[in-house]
Amino acid sequence: MSAAIQLQGVSKSYGSVQAVQQLDLEIPEGSLYGLIGPNGAGKTTTFGMLSGFLRPTTGEVRVRGHLLTTTRPPVGHVLALPQDAQLPDNKKVIAVLVHLARLQGMSTDEATAKARDALGKVGLAELSERKVRALSHGQRRRVGIAQTLIGNNEVILFDEPTAGLDPRTALELGQLIKSLHAERTIVLSSHNLAEVESLCTHAAILDKGRLVAAGTMDEIKGTGQLLFVNLAKPVDDADELAAALAAIETVGKVTPSPEKDRFAVECTDAEKVDDVTNAVLQALITSGASVKGVERGKRLEERFMETTAASK
């Protein structure tokens, strides 16, 4: 898979403070890529360099082979939607989008067609003549997303797109972004790890300005060879049960949780993980355990905590 964005040896300093240090990262074409990390990890600075708003102190940022420099802005290559992006309150929604399209050199007819198509994709076609000030917070975010759809297949960068929204609106916007991924490469910066886990195909974890993990979501979570079995209630004989599960063919280490209601099961052959899952479930049911559910790999939150703790 070709790279939509490449960062090679990228560092960014503010005086004596190094916000990003020697960052090497490839964002595959067609991916929905999550950029995550604790406060102060360098996410905002990295987002700024990806979008062309900031220039690295050292290293290179390329978007589809286009080197971002102070004299070559990423026009036509990257579209970024910052978290605090504002819209003019006194303008109609359609007028805002048409104006932005016209700035890209489109004719009025082409700009209007692009604007209406974008509003249709974000579910706001019926509100095209409404003024921005009459929109809800969630609707404004949708207009912001519509802005990124006016161009021609640029890489889209979303910074905390669902922050501050109520749960239902956040879920709807998340699903909208996921649907757009069929047509675009999207980079999503977010503190919401559950959201990143459910939406993204790939992710990178930053901590203290450095890259500590990157890859497909399955690679980061260890989905291929790691199972987690959740029980409806704890078992009394957790260690004995773990030993029985470890005796199953192609099962390696089995670790019960301290609460004895969750078992981590390592599979030594990724190609047989489905067979292992069935055998583990059968053994648990035979033992009288009440199985609540099975997860492939660790939760992103667990991997996040592990990798950021290891970098301290």
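**Loops, helices and core**

Modeller: Lys-260 is placed in the loop between β12 (251-256) and β13 (262-267); helices (H or I, at least four residues) and strands (E, at least two) are DSSP runs, numbered from the N terminus. This is a predicted model, in which local features need pLDDT of at least 70 and side-chain atom pairs count only at pLDDT 80 or more, while totals for chains, interfaces and linings use all residues. Residues are numbered from 1 along each chain as its sequence is written, and side-chain values use heavy atoms, with hydrogens and water left out.

Although Lys-260 is not a glycine, its phi is positive, at about 65 degrees. Its relative accessible area of 36% makes Lys-260 partly exposed; buried means under 20%, exposed over 50%, and partly exposed in between (1.4 Å probe, protein chains only). Glu-160, in the loop between β7 (155-159) and α5, is likewise not a glycine and has a positive phi of about 45 degrees. Glu-160 counts as buried because its relative accessibility is 11%.

Gly-138, Arg-141, Arg-142 and Ile-145 of α4 make the contact with Thr-169, Glu-172, Leu-173, Leu-176, Ile-177 and Leu-180 of α5, contact meaning heavy atoms within 4.5 Å.

Ile-145 also belongs to the largest nonpolar core, which has 46 residues and in which Ile-145 and Phe-158 have the most contacts. Such a core is a set of buried Ala, Val, Leu, Ile, Met, Phe, Trp, Tyr and Cys residues joined through side-chain atoms within 4.5 Å. Helix α2 (residues 93-103) supplies the largest share of this core, 6 residues. Leaving aside residues up to four places away in sequence, Ile-145 touches Leu-81, Val-122, Phe-158, Leu-173, Leu-176, Ile-177 and Leu-180. A second, separate core of 23 residues includes Val-20, Tyr-33, Ala-41 and Leu-68. In soluble globular proteins, nonpolar side chains tend to be buried together.
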